[in-house]
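Here is a short walk through one protein model. Keep the sequence and the 3D view side by side as you read.

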Amino acid sequence: MLPEPRELKLGSGAGCDVRLHDRTGQLSREHAMLVPEADGWVIRDLGSRNGLWVEGARTGAGPLHAGARIQLGGVILVAESLGFIRLRSLACRLIGWAAERQGAVDDALQDLRDGATRRTPLVLVGDGDLVPVARRLHCATLGSEVPFVLHDGGDAGAALEAAANGTLCVPIRRRAAASAIVDAVRAADAASRPRLVLCAHTGAQAAAVGAKPGRLAVIALPPLSVRGDEIARLVHETAQDVVAEVGAPSSGFTMRDLERLQAIRFSGLSDLEDSIRRVVAMRTWGVTAGAKRLGLKHSSLSQWARSRKRRLCT
């Protein structure tokens with residue numbers, strides 16, 4: 001994230017405002033300059049030996065936007081805004097915080113940006129119900145002010161119209177139906193075309209749709225069964241979002257709640273989030289008022305609480 005607006009010189013020299021270290025030796029002592037302008041930041045080459053590269057293309061100068069990749073010699077920088085930082089945090093929660101998963105996180109961020117700006121169709125692959133994940137990504141990239149439409153059958157034309165300039169989310173049930181939606185979205189007017197998000201449970205489902213002409217971006221969410229050492233962090237970060245969404249003063253978790261939540265074998269990220277939402281509602285308002293707050297019947301929330309305890313024993 002950039003500091004307060006003022007010119008900043010980048011390079012390996014001691015006199016640079018931002019001094020960088022490049023083991024490859026390709027970075028010049030005074031390589032580039034960041035310049036604040038009325039409509040945002042611009043980066044300019046200072047006659048460096050190996051040039052300035054923005055988004056993979058060599059340039060003498062170019063505007064910066066959140067997520068832009070900048071290469072100075074052997075150093076790669078990514079321009080970040082507060083919104084982009086929040087999006088990266090969400091992508092890490094979905095894909096993982098481990099060092100070996102950060103490449104996949106970076107690729108996912110690029111795909112999400114392409115989906116938001118160029119309306120590149122996106123395929124989410126993972127366990128459980130992926131629609132809530134798609135909705136959360138929609139809010140993080142396009143905002144809650146534009147429509148998010150779930151299409152699981154029926155009039156595709158009406159769904160496209162309702163999702164104009166927003167997101168059209170389609171669970172892949174049948175290959176033919178998913179392919180038809182992809183074709184319909186690509187044929188839609190570019191000015192109002194929605195971003196298409198397809199939800200698949202397997203890579204084979206994604207590959208079947210991805211065999212069609214045109215680029216599809218695929219984001220694979222690793223199963224929770226391989227993220228055992230991250231479950232505690234997942235619970236805490238998801239709880240923060242849930243607390244804000246339901247208007248609770250805090251999660252109200254007891255130590256026993258945390259132990260139980262970390263021990264349950266969830267079917268996917270949405271199952272984990274839904275469980276946390278129910279626990280927060282019960283701890284904050286009780287079963288009766290909590291159920292009402294979530295739009296559930298008292299008996300439904302009570303039955304879920306009993307089944308949650310049974311799941312710990314299986």
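Which residue takes a positive phi in the hairpin of β8 and β9? G73 does, at a phi near 60°. The hairpin has 2 residues between its strands.

First, some ground rules. The model is predicted, so local features need pLDDT of at least 70 and side-chain atom pairs count only at pLDDT 80 or more, while totals for chains, interfaces and linings use all residues. Residues are numbered from 1 along each chain as its sequence is written, and side-chain values use heavy atoms, with hydrogens and water left out. Here pLDDT is the predictor's confidence in each residue, from 0 to 100. Helices (H or I, at least four residues) and strands (E, at least two) are DSSP runs, numbered from the N terminus.

How confident is the model? The protein chain has a mean pLDDT of 88. In this chain, 95% of the residues reach 70 or more. Confidence is lowest in helix α6 (residues 203-210), at a mean of 76. It is highest in strand β11 (residues 148-150), at 96.

Strands β8 and β9 (residues 75-78) pair in the antiparallel sense over 4 bridges. Two strands count as paired if DSSP finds at least two bridges between them. L72 stands opposite V75 in β9. Strand β8 also pairs with β5 (residues 52-54), again in the antiparallel sense, over 3 bridges. There V54 faces I70 in β8.

In a regular strand the side chains alternate between the two faces of the sheet. Buried means under 20% relative accessible area, exposed over 50%, and partly exposed in between (1.4 Å probe, protein chains only).

Now turn to an open sheet. Its 5 strands follow the order β2-β1-β3-β4-β7, with mixed pairing. The edge strands are β2 (18-19) and β7 (61-63), and each pairs on one side only. Strand β1 (residues 8-11) runs parallel to β2, joined by 2 bridges. Within this pair, L10 has V18 as its bridge partner.

Next comes helix α9 (residues 269-294). It has 26 residues, and a straight helix of that number would span 38 Å at 1.5 Å a residue. The expected span is 1.5 Å times one less than the number of residues. Yet α9 spans only 19 Å between its end C-alpha atoms. The helix bends by about 120° at G286. A bend at a residue is the angle between axes fitted to the seven residues ending there and the seven starting there. Just after α9, G295 takes a positive phi of about 75°.

R119 lies in the loop between α2 (102-117) and β10 (122-125). R119 counts as buried, at 16% relative accessibility. Beyond its neighbours within four places in sequence, R119 is in contact (heavy atoms within 4.5 Å) with residues including D114, L142, N165 and R193.

Last, the cysteines. How many disulfides does a search of the whole structure find? The search finds 0. A disulfide is a pair of cysteine sulfur atoms within 2.5 Å. The sulfur of C92 is too far for a bond, because the closest cysteine sulfur, in C139, is 19 Å away. C139 is in no disulfide either; its nearest cysteine sulfur, that of C169, is 12 Å away. C92 is buried, at 8% relative accessibility, whereas C139 is partly exposed, at 39%.
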